[in-house]
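Student: Please show me the model first. I will then ask about it part by part.

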Amino acid sequence: MIKDEIRQFIIEKFLLNSGDHLDDDMSLLETSTVDSVGILEIVGFIENNFNLKIEDEELTAENLDSVNKIARFIEKKQGKI
Amino acid sequence: MRFDPVLIHDWLTRTARRQPGKTALISRGQRLTYREIEENSTNLASALVLMGFRKGDRAIICLENSPEAVISIYGVLKAGGIFAAIEPRSPWPVISSIIKDAGARVLITHRPKLFDREKLRGEVKLPGRRFQLIIVDGFSPVPDNYHKALEFSRLTKKPDASVSLPRILETDLACLVYTSGSTGEPKGIMCTHQNVVAAARSIIQYLENTPEDIILDVLPLSFDYGLYQVIMAFMFGGTVVLEPSFGYIQDLLSLVEKEKVTGFPLVPSISAMLLKLKNFPTGQLKSLRYITNTGAAWPVSHIRKLRENLPWVKIFSMYGLSECKRVSYLPPDLIDRHPDSVGIPMPNLEVAIVDRKARPVPQGQTGELIVRGPTVMQGYWRDKNLSRKVFKQGKYAADRWLHTGDLFRQDENGLLYFVGRRDRQIKSFGHRVNLTEIEKTVSRLEVVLEAAAVPVSDDIGGEVVGLFLAARKGAKVDEAQIKQFCQQQLEPYKVPRYIWLMDSLPKTPNGKIDYKRLTSWVEKSQTGATLEKSDKTDKKSSEAETVRGEKDRRVSEKSPR
């Protein structure tokens with residue numbers, strides 16, 4: 001599952017300490033789960049792991065700001081939606 | 001004749017009187033006029049006074065960049081208080097140590113999770129009965145052990161009773177700016193209204209700000225560079241677009257375009273992100289009048305590329321430290337010829353470059369930069385010893401030289417060049433980080449025998465923290481455990497990005513940790529060069545190999561775009 005992979009990456013990378021649960025709809029930036037550099041790391045992860053190219057114009061909250069949004073974005077890029 | 005105001009918040013009041021309906025702040029989807037900020041902050045001040053907050057009391061503001069953060073700052077000032085805006089993502093041990101150090105009466109925060117979590121662990125010990133917690137939205141219901149917590153939104157409503165606010169002088173303290181001290185403990189730099197207003201005036205003067213300026217502020221208000229954007233704009237009557245971070249680049253760029261931003265203060269990690277885009281967003285930045293950089297040395301390559309892509313934009317390369325806010329700026333017309341210089345002293349400030357005995361060095365030679373002027377702050381909160389060492393008293397009370405600890409040289413035209421630091425401080429994402437503090441922190445873990453923190457150069461952050469560790473005999477340590485501990489104890493930008501485990505750390509002949517060797521391993525592994533096998537023993541070189549292996553793995557894992 002795409003979602004599981006993303007969730008796991010974010011938990012390992014950013015939530016190691018907190019025992020915070022990661023809601024799939026939770027805003028990553030608003031909740032300070034991830035900062036601006038973290039976002040670039042997520043983008044790098046998506047590009048490597050799913051073999052996708054992410055364009056400048058796609059670096060938006062709409063595409064990247066929650067597990068669900070990222071999953072939807074990846075599926076769209078893969079042409080599944 | 002009418003004189004200019006002398007208090008930070010009186011400038012807001014004046015601007016609000018002159019242009020009440022003008023948008024002062026655009027933040028998180030809200031637009032606030034000068035009148036609204038003026039009224040809300042006055043109401044908050046009244047509420048604070050009613051709850052027993054007195055002149056000179058300290059209030060910690062632990063909020064993401066938001067309208068509430070700005071209103072809190074001005075509310076505390078109007079109540080005669082001293083505010084300390086701190087990094088909103090600090091873990092509880094950092095927040096509580098600052099509350100304790102400042103002897104704070106009030107904490108304003110929006111961190112419900114922080115308290116929930118800590119409550120579960122039973123770790124929260126809020127100091128004293130007089131301590132008041134104020135929670136900004138999303139905190140319902142208030143947990144039972146904080147029955148005293150107040151809701152921010154209720155405090156900005158007009159109070160029923162009339163309240164008289166205290167008399168405040170420009171020589172009174174306005175804020176404490178917390179920063180890593182040379183020992184690694186957080187130190188609160190004491191700033192009077194006079195200090196802050198003097199610094200803001202000088203900066204406004206050389207940036208030539210006007211009420212037409214619209215400033216994009218993505219730097220945290222806990223960072224004086226971010227804080228002064230608001231203070232200055234409210235003085236010259238401009239507009240601030242205040243966002244919590246440089247988060248989603250495309251959204252930020254759209255905001256710049258939509259709000260026609262004219263001023264963009266940044267740190268090198270932001271210019272690095274802009275320059276990493278596949279196509280530089282020249283079109284979206286066309287409203288810009290100027291860009292400023294401070295907080296960390298600006299790579300010349302960034303400056304050149306920004307000049308190429310934004311030829312009409314004035315580029316200000318600046319230098320400063322929180323102990324005196326700002327020192328110098330490079331006049332924009334010199335940037336192509338001297339991109340590696342941080343320029344000339346700003347108005348109303350004098351500098352000298354001196355040797356260890358505080359004697360001026362000959363022109364062109366390297367020495368410590370010292371600074372004099374009305375922007376030199378009052379010293380460190382409750383640390384007279386350190387204050388005396390760093391802020392040296394001259395012939396009379398106001399004649400003080402700040403010893404910056406930064407090494408500089410000056411060329412024949414009087415231009416200043418930053419050479420390096422005297423102590424073990426690095427700049428990571430524009431934040432000051434003391435490597436000793438990282439070592440002290442991890443050494444609290446029982447399994448850790450020795451720890452050595454080193455700077456690792458980083459595309460985005462400039463420098464990040466790398467940590468070499470040796471565990472006690474028989475103890476099992478893993479990276480995740482160390483990282484987790486650091487995340488619980490340190491602000492995010494201080495958490496080591498790289499951790500290398502070793503059997504023992506290399507030593508110099510007199511038994512001290514050999515930082516030079518560690519640093520050169522890191523540098524070599526970064527350039528990808530093969531490590532020489534010429535180290536004294538096989539064991540050493542195999543350790544060095546491990547270092548390289550680890551690092552390579554992590555680099556590829558990070559894989560910048």
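This is a predicted model: local features need pLDDT of at least 70, side-chain atom pairs count only at pLDDT 80 or more; totals for chains, interfaces and linings use all residues.

Tutor: Residues are numbered from 1 along each chain as its sequence is written, while chains are lettered from A and ligands numbered from 1 in the order in which they are written.

Student: What is the mean pLDDT of chain B?

Tutor: pLDDT is the predictor's confidence in each residue, from 0 to 100. In chain B, 88% of residues reach 70 or more. Over residues 529–561 of chain B, however, pLDDT stays under 50. The mean for chain B is 87.

Student: What share of the residues of chain B counts as buried?

Tutor: A residue is buried if 20 or more other C-beta atoms lie within 10 Å of its own, exposed if 12 or fewer, and partly exposed in between, with C-beta atoms placed from the backbone. Chain B has 16 helices and 26 strands; helices (H or I, at least four residues) and strands (E, at least two) are DSSP runs, numbered from the N terminus. Of the 561 residues of chain B, the buried share is 50%.

Student: Which elements give two or more residues to the side of domain 1 of chain B that touches domain 2 of chain B?

Tutor: The bounds, from an automatic or database domain assignment, are 1–192 for domain 1 and 425–558 for domain 2 of chain B. Ten residues of domain 1 of chain B are in contact (C-beta atoms, placed from the backbone, within 7 Å) with 13 residues of domain 2 of chain B. The elements that give two or more residues to that side of domain 1 are α4 (92–102) and β8 of chain B.

Student: Which elements are among those that cover the buried residues of α13(B)?

Tutor: Helix α13 spans residues 435–443 of chain B, and its buried residues include L435(B), I438(B) and V442(B). The cover includes strand β8 (173–180) and helix α14 (479–489) of chain B. Also among the covering elements are β22 (425–428), β23 (431–434), β24 (448–458) and β25 (462–471) of chain B.

Student: Is K325(B) buried or exposed?

Tutor: K325(B) lies in the loop between β14 (314–319) and β15 (328–329) of chain B. Its phi is near 65 degrees, a positive value in a residue other than glycine. Because K325(B) has 28 C-beta neighbours inside 10 Å, it counts as buried.

Student: How does K260(B) count, with 13 C-beta neighbours inside 10 Å?

Tutor: K260(B) sits in the loop between α9 (249–259) and β12 (263–266) of chain B. Phi of K260(B) is also positive, near 55 degrees. With 13 C-beta neighbours inside 10 Å, K260(B) counts as partly exposed.

Note on methods. Two residues are in contact if their C-beta atoms, placed from the backbone, lie within 7 Å.
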